Amino acid sequence: MSDHELAARLATQAGQLLLAVRDELAEASEAERKAAGDKRSHDLLTDALARERPGDAVLSEEGADDPARLRAQRVWIVDPLDGTREFAELGRDDWAVHVALWVSGDLAAGAVALPAQGVTLATPTVAAPAPHHGPPRLVVSRTRPPALALAVRDALDATLVPMGSAGAKVAAVVQGRADVYVHAGGQYEWDSAAPVAVARAAGLHTSRIDGSALSYNRPDPLLPDLVVCRPEYAQAVLAAIG
């Protein structure tokens, strides 16, 4: 099984497990659903990677960071449950599972599962989004859109599309349901690695907000800002931010 196939399979399986957890704990508190979802998805992914790719390192949001990954040539970067708030709110579908592989300096494979939507977007076969006619659609946090996103909205005369997790936001651009995603104010490598791998495979622009390249498997996994957009908007988006 190729790395691409493994990423897609594991993201999908973790997503199916999370749907089962949601059903199982439908009467529990949101805090209980969040904790169970994070732990059980993390356990599934790390156990499977230990079995399928025993020589690879793993960086997971829910696991202890092992500095050995900095000497590894292959590192899986996973977010077992991206959007725990949305997952815990029964009926919401804007949460995700991220599975990415970094190899010798760059992202090599990735998958974003949207379990409640029944969709997994994965390298290398993800399609480019269909053309969009009309004002650009800017996907933002449903609870706290950052000021720079509002600056981009004003510069592009864009419409705002509120949404939950980072993976769901990037997926919306990949799927052609939005055109631009801009984030600043705190993310980690596991928040963006798989979405960025998928977005790149779909031909989208990906960068830091200053236009520099996104870099992964660094000593500090903090990676606080991100731009993902259709290529035709990249120059205007970065100019509005700058």
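Select N217 and the loop around it, between strand 9 (205–207) and strand 10 (226–229). Strands here are DSSP runs of E, at least two residues, and helices are runs of H or I, at least four residues, each numbered from the N terminus. N217 is not a glycine, yet its phi is positive, about 55°. This is a predicted model, in which local features need pLDDT of at least 70, side-chain atom pairs count only at pLDDT 80 or more, and totals for chains, interfaces and linings use all residues. Residues are numbered from 1 along each chain as its sequence is written, and side-chain values use heavy atoms, with hydrogens and water left out.

Next, go to S104, in the loop between strand 3 (96–103) and strand 4 (106–114). S104 also is a residue other than glycine with a positive phi, near 50°.

Move on to P124, which sits in the loop between strand 5 (119–122) and strand 6 (137–141). The peptide bond between T123 and P124 is cis, with omega about -5°.

Now colour the chain by domain: domain 1 covers 3–122 and domain 2 covers 137–240. These bounds come from an automatic or database domain assignment. Over C-alpha atoms, the domain centres are 20 Å apart. To see the interface, select the 35 residues of domain 1 that are in contact with 28 residues of domain 2; contact means heavy atoms within 4.5 Å. About 2300 Å² is buried between domain 1 and domain 2, 60% of it on carbon and sulfur atoms. Buried area is the accessible area (1.4 Å probe) that two parts lose on being put together, summed over both.

The remaining stops are helix pairs. Start with helix 1 (residues 3–24) and helix 2 (residues 30–52), whose axes are 9 Å apart at an angle of about 150°. Axes are lines fitted to C-alpha atoms, for helices over the stretch in contact, and angles run from 0 to 180 degrees between N-to-C directions. Helix 1 is therefore roughly antiparallel to helix 2. The cut-offs are under 35 degrees for roughly parallel, over 145 for roughly antiparallel, 65 to 115 for roughly perpendicular, and oblique for the rest. Show side chains at the contact, among them L6, L10, L17 and V21 of helix 1 and A36, L44, L45 and L49 of helix 2. The contact has 11 nonpolar, 3 polar and 6 charged residues. Ala, Val, Leu, Ile, Met, Phe, Trp, Tyr, Cys and Pro count as nonpolar, Asp, Glu, Lys and Arg as charged, and the others, Gly among them, as polar.

Then select helix 4 (residues 147–156) with helix 7 (residues 234–241): their axes come within 9 Å and cross at roughly 125°. Helix 4 and helix 7 are therefore oblique to each other, and helix 4 passes helix 7 in a right-handed crossing. L148, A151, V152, A155 and L156 of helix 4 meet A236, V237, A240 and I241 of helix 7. This contact is made of 9 nonpolar residues, with no polar and no charged ones.

Finish at helix 5 (residues 166–174) and helix 6 (residues 189–201), where the axes come within 9 Å and cross at roughly 10°. Helix 5 and helix 6 are therefore roughly parallel to each other. A166, G167, V170 and V174 of helix 5 make the contact with D191, P195, V198 and A199 of helix 6. By class, there are 6 nonpolar, 1 polar and 1 charged residues in the contact of helix 5 with helix 6.

Terms used: A crossing is left-handed if the near helix is turned anticlockwise from the far one by less than a right angle, and right-handed if clockwise.
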